[in-house]
Amino acid sequence: MSALESGDPLRFSESRALTLGVELELQLFNTRDCDLTPVASDLIDLIERQPHAGDVKPEITQSMLEISTGIHDRHDALLAELQSVRNTVVAAADRLNVLVSGGGAHPFQHWSERRIFDKPRFHQVSALYGYLAKQFTVFGQHIHVGCANGDDALYLLHAMSRYVPHFIALAASSPYLQGVDTAFDSSRYNAILAFPLSGRAPFVLRWDEFRTYFERLRALGVVESIKDLYWDIRPKPEFGTIEIRVCDTPLRVETAAALAIYAQALARRILAERPPVTEDVYLPYGYNRFHACRFGLDGELIDPMTRTRRPIAEDIGATLDTLGADPLAPESEPAFAVLRRMIGGAGNDAYWMRSTYQIGRSLPDLVFRQAERWRGRG
Amino acid sequence: MDTLFFLPSWPPHVGSLTMAALVLLAALVAGEIVQRVFKLPRLIGWVIAGAFYGPSATGLLDAEALHDLQFIMHVAAGLVLFEFGQRIDLGWLRRNPWLAGTSVLEATLAFVAVFLILLLLRVSPPVAAFAAAIAMATSPATVMTLARDLRASGQVTQRVELLTALDCAYAFITIGVLLAWFHAEYHGDWVVMAAHPLYLIFGSSMLAILAATIARPLLMRLDAYGDVQRVCAFALVLVAVALGEWLNLSSALVLLGFGASLRALDDRRRFVSLDFGPLGQIFLVLLFALSAAALDLSIALAGAITGIALVAARYAGKYVGVVLTSRVSGLSTRKGSLVALGLMPMSAVALVFVHETVTVFPELARGLLSVLVPALVVLEMAGPLLARFAFVRAGESAALA
């Protein structure tokens with residue numbers, strides 16, 4: 001993944017295929033009542049005093065922190081960097097009496113109370129989207145997968161869409177929103193769907209076609225940059241990657257690393273086998289996605305090609321079995337093991353949150369325990 | 001005349017509770033006017049309304065009535081300190097020991113600066129020492145009211161709250177020590193001097209922990225019934241205030257400790273949103289208004305220079321203490337200076353507790369008031385404005401964002 005070299009933002013930078021990068025949006029809250037607290041700039045200020053692994057950036061609100069990794073291709077190195085940056089953030093947060101956690105949404109925060117980060121772009125977003133911008137205080141994991149060229153990126157993007165429900169269900173960690181159990185495993189995703197440019201990418205398979213499409217959108221004044229597209233999977237020409245954006249931020253970095261490795265293994269198999277992709281892949285897309293958000297791993301998945309339906313957990317299990325033949329399978333095995341435990345009964349983070357809520361029967365208590373889990377305890 | 005017995009008597013007899021209600025009404029109206037018309041914090045209106053009623057203004061509320069209403073101020077101060085204690089996370093001191101350093105340094109410097117400037121202005125050493133001890137403290141009632149009204153949350157707010165709680169504890173302990181010293185001067189009894197502060201500190205902490213231990217299971221069981229839980233907590237606070245007074249402990253330390261211990265014992269975070277609701281609001285408004293009513297404004301004018309000098313010295317001490325240690329405690333110097341501003345509020349509420357203990361020595365009490373009242377008059381107005389400026393400038397107010 002090379003940085004942007006020319007002045008053309010739509011030129012697809014070449015990057016080594018199947019490299020990975022992970023971004024995690026984290027929640028920051030106070031220890032008093034476990035509500036979100038606007039402390040991102042103080043936290044970043046403190047973290048940046050010393051050299052550290054990973055990258056730490058402000059996001060749309062002051063109560064959100066984004067951490068990201070460098071470029072990886074192996075599970076152990078990716079996980080090690082995630083753990084290291086997590087430890088850095090937690091140590092700094094302790095000094096400021098701030099709790100940090102994953103989770104797709106804050107369980108009881110009311111959107112009207114969020115403060116928007118003091119940066120021109122964020123103020124623009126806020127002015128444009130009104131209440132949506134504040135409701136957009138949701139926290140996701142973004143997985144970047146490196147692609148050799150733009151055509152590969154688009155092919156991979158559409159072929160991967162069949163697996164989008166896997167990622168939603170495995171990462172789901174936002175069952176509670178504004179103080180109630182939403183009945184969804186991932187309520188975060190519904191917040192994103194409210195945006196005009198959310199959803200899926202148009203079915204084009206060649207980069208020059210995509211450019212034309214994008215230029216037309218831009219000419220109409222619909223978008224200014226790729227950043228304005230909140231698609232489930234979007235190309236990121238600047239990095240030479242596709243970016244999977246459907247995951248809630250998991251409660252532990254181990255899960256985050258496992259999801260990234262799963263994406264890499266799927267991409268590797270898809271690019272090696274090159275199964276044909278038609279627009280039919282999107283026929284059951286909305287249905288599958290809804291099931292994954294609503295029911296998590298217990299949801300149902302319809303395969304557009306084989307026209308079979310089965311529980312998402314079962315579909316993930318079957319997919320993991322086929323990935324065993326992957327040449328990098330031994331290295332990735334610890335990541336696959338994490339996912340197997342989840343589908344084998346341990347459940348996703350939404351399941352953990354619902355059972356943990358029963359201990360204290362208070363949402364602030366749940367938030368506190370989420371922060372403990374993020375630390376690597378509980 | 002007797003034939004018209006059913007007609008009301010004239011002039012009407014106004015009982016002290018009725019007076020309190022009238023003060024409450026005036027304060028609420030003034031608070032809204034001050035907030036909506038002048039965009040100032042409500043509590044400034046409460047204070048102005050109270051002062052208007054007081055003996056040194058219209059005298060609608062005379063010294064006798066004020067004396068009758070003392071219990072309301074005690075209850076109200078107890079409620080405020082309990083709630084404030086609940087907001088304090090002493091575990092933070094363990095995770096960031098530099099904050100303890102900040103609080104000790106900032107309080108000590110404020111004490112020293114005020115003490116010295118008063119000596120320079122020819123105030124007698126005992127009076128200067130007591131005034132300096134009281135000046136170490138920041139008004140928890142003011143800080144909490146502002147933080148709640150602004151829905152402020154963030155580093156500056158949290159640090160101001162923590163330092164305010166610690167400063168109050170230091171102030172009450174120092175006053176205890178000074179009293180003991182004063183006793184010793186008069187009676188030459190050094191055992192008393194050593195024993196009194198120890199009794200104050202240990203007795204108050206023990207009572208606080210005991211109260212929290214009893215309160216926790218009780219409040220837990222009333223969890224699902226918000227209002228019942230609230231009223232129960234209210235009653236517990238009243239009992240704790242009464243016990244503290246009976247045992248000659250510092251009620252302020254007891255209630256602050258009660259709140260903080262209850263929070264520390266709350267391992268399932270069941271009481272995080274425990275407050276006294278409208279009930280608490282009634283007492284809070286009365287606390288500000290009645291304590292302002294008690295201020296003798298004629299002293300304020302006479303001692304204006306001393307008052308301003310005290311305020312300046314106090315600010316200098318706190319500013320240097322907080323700013324010197326802000327970077328090592330993990331905060332930028334800019335935000336550190338905002339924390340120092342947030343520590344400025346001082347209110348006549350401070351006198352509610354001190355007054356009684358000190359009145360044993362009338363001369364001391366008179367001297368103390370002549371020094372403190374002018375400073376309080378300045379800070380009742382300027383304190384909330386400075387603190388609000390600090391919270392808003394730090395970007396921590398949700399209400400004004």
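**Exercise 1.** State which residues of α2(A) meet which residues of α9(A), and describe the packing of helix α2 and helix α9 of chain A.

*Solution.* H75(A), L78(A), L79(A), L82(A), Q83(A) and R86(A) of α2(A) meet V253(A), E254(A), A256(A), A257(A), A260(A) and I261(A) of α9(A); contact requires C-beta atoms, placed from the backbone, within 7 Å. By class, this contact has 8 nonpolar, 2 polar and 2 charged residues. Here Ala, Val, Leu, Ile, Met, Phe, Trp, Tyr, Cys and Pro count as nonpolar, Asp, Glu, Lys and Arg as charged, and the others, Gly among them, as polar. The model is predicted: local features need pLDDT of at least 70 and side-chain atom pairs pLDDT 80 or more, while totals for chains, interfaces and linings use all residues. Residues are numbered from 1 along each chain as its sequence is written, and chains are lettered from A in the order in which they are written.

Next, the geometry. Helix α2 (residues 75-95) and helix α9 (residues 253-273) of chain A pack at about 145°, with axes 9 Å apart. Helices are DSSP runs (H or I, at least four residues), numbered from the N terminus; axes are lines fitted to C-alpha atoms over the stretch in contact, with angles from 0 to 180 degrees between N-to-C directions.

**Exercise 2.** Check the span of helix α18 of chain B and locate its bend.

*Solution.* At 1.5 Å a residue, the 32 residues of α18 (residues 362-393) should span 46 Å, taking 1.5 Å times one less than the number of residues. The end C-alpha atoms are 43 Å apart, which agrees. α18(B) bends by about 40° at L379(B), the angle between axes fitted to the seven residues ending there and the seven starting there. G395(B), with a positive phi near 75°, follows α18(B).

Terms used: Helix = DSSP H or I, 4+ residues; strand = E, 2+ residues; numbered from the N terminus. Contact = placed C-beta atoms within 7 Å.
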